[in-house]
Amino acid sequence: MEKGLQWETTWLDLPAGEHKRPEYLAINPVGKVPALIDDKLIVHDSTIIGEYLEDKYPDRPLLPRDPALKARARAFEDYADAYLAPSMYKILLQVRKPETERDRAKIEAGEGETRRHFEYLNRELAGRDYLAGEFSLADIAYMPHLSSYERAGYAVPVDFGELHRWWARLKERPSYAKSWPL
Ligand SMILES: N[C@@H](CCC(=O)N[C@@H](CS)C(=O)NCC(=O)O)C(=O)O
């Protein structure tokens, strides 16, 4: 939507293992979401999908042109997937279980790590509206993870003011409501 494109979403039930069924493995052999089907082309991994859409539809750019800022955008995009997400999913995979089956140690480890990621992001957002210049793929990378975190009953802490305001700014974008069933 940020690029003015039309798309149709097919949601998979991950706890039910729909992403491991043969029909989905034919689309993404590693059995993870998301995947994009664009006519006859299949692209998977959120980073590659973002880069592909950026290359194919360069209007309304979602990466900075300046090489240094672009490197920063890519680094933060990667940070969301490679660092923040694994910490958060330590929590989220537990809290979706019945309370008696939850592993408290994993939840506490995830909470501690997530807080350290928040500290880092809060510092990096000081004096900035977005992570790398204008709104970009760097910011977008955090939207599904933070949204899942909130749905699990957590909140982006208000004591991290820069982070909190940035997250509020992202959620105000019409694309947030459009891309994510509320
Ligand atoms: N680097 C990949 C990570 C994809 C990923 O781990 N997706 C998670 C959901 S956010 C998933 O499919 N988990 C199910 C599983 O690993 O079985 C990307 O950014 O697309």
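Predicted model: local features only at pLDDT ≥ 70, side-chain atom pairs only at ≥ 80, totals over all residues.
## The ligand site

Eight names make up the shell. The ligand is surrounded by His19, Lys20, Lys32, Val33, Pro34, Asp45, Ser46 and Asp81. By class, this shell holds two nonpolar, two polar and four charged residues.

For Lys32, an N or O atom of the side chain is 2.6 Å from a ligand oxygen. A polar side-chain atom of His19 lies 2.9 Å from an oxygen atom of the ligand. For Lys20, the distance from a polar side-chain atom to a ligand oxygen is 3.3 Å. The ligand taken alone exposes 500 Å², and the protein buries 67% of that area.

## A cis bond beside the ligand

Val33 and Pro34 both belong to the ligand shell. The peptide bond that joins Val33 to Pro34 is cis, and its omega is near 10 degrees. Most peptide bonds are trans. Pro34 sits in the loop between helix 1 (22–25) and strand 1 (35–38).

## A positive phi

A further loop links strand 1 and strand 2 (41–44), and Asp39 lies in it. Asp39 is not a glycine, yet its phi is positive, near 60 degrees. Most residues other than glycine have a negative phi.

## Helix 2 and helix 3

Helix 2 spans residues 46–56 and helix 3 spans residues 67–95. Their axes come within 10 Å and cross at roughly 150 degrees. An angle over 145 degrees counts as roughly antiparallel, so helix 2 is roughly antiparallel to helix 3.

Which residues of helix 2 meet helix 3? They are Ser46, Thr47 and Glu51. On the side of helix 3, the partners are Arg74, Glu77 and Asp81. This contact has no nonpolar residues, two polar and four charged.

## Helix 6 and helix 7

Helix 6 covers residues 143–151, and helix 7 covers residues 161–171. The two pack at an angle of about 100 degrees, with their axes 11 Å apart. Angles of 65 to 115 degrees count as roughly perpendicular, and helix 6 and helix 7 are therefore roughly perpendicular to each other.

Helix 6 brings Met143, Leu146, Ser147 and Glu150 to the contact. Helix 7 brings Trp166, Trp167, Leu170 and Lys171. By class, five residues of this contact are nonpolar, one is polar and two are charged.

Conventions: Residues numbered from 1 in each chain as written. Heavy atoms only, no water. Near = heavy atom within 4 Å. Polar contact = N/O pair within 3.5 Å; in protein donor to acceptor, adjacent residues only side chain to side chain. Areas by Shrake-Rupley, 256 points an atom, 1.4 Å probe, with all protein chains shown as cover. Nonpolar A, V, L, I, M, F, W, Y, C, P; charged D, E, K, R; others polar. Axes fitted to C-alpha atoms, helices over the stretch in contact; angles between N-to-C directions. Helix = DSSP H or I, 4+ residues; strand = E, 2+ residues; numbered from the N terminus. Parallel < 35°, antiparallel > 145°, perpendicular 65-115°, else oblique. Contact = heavy atoms within 4.5 Å.
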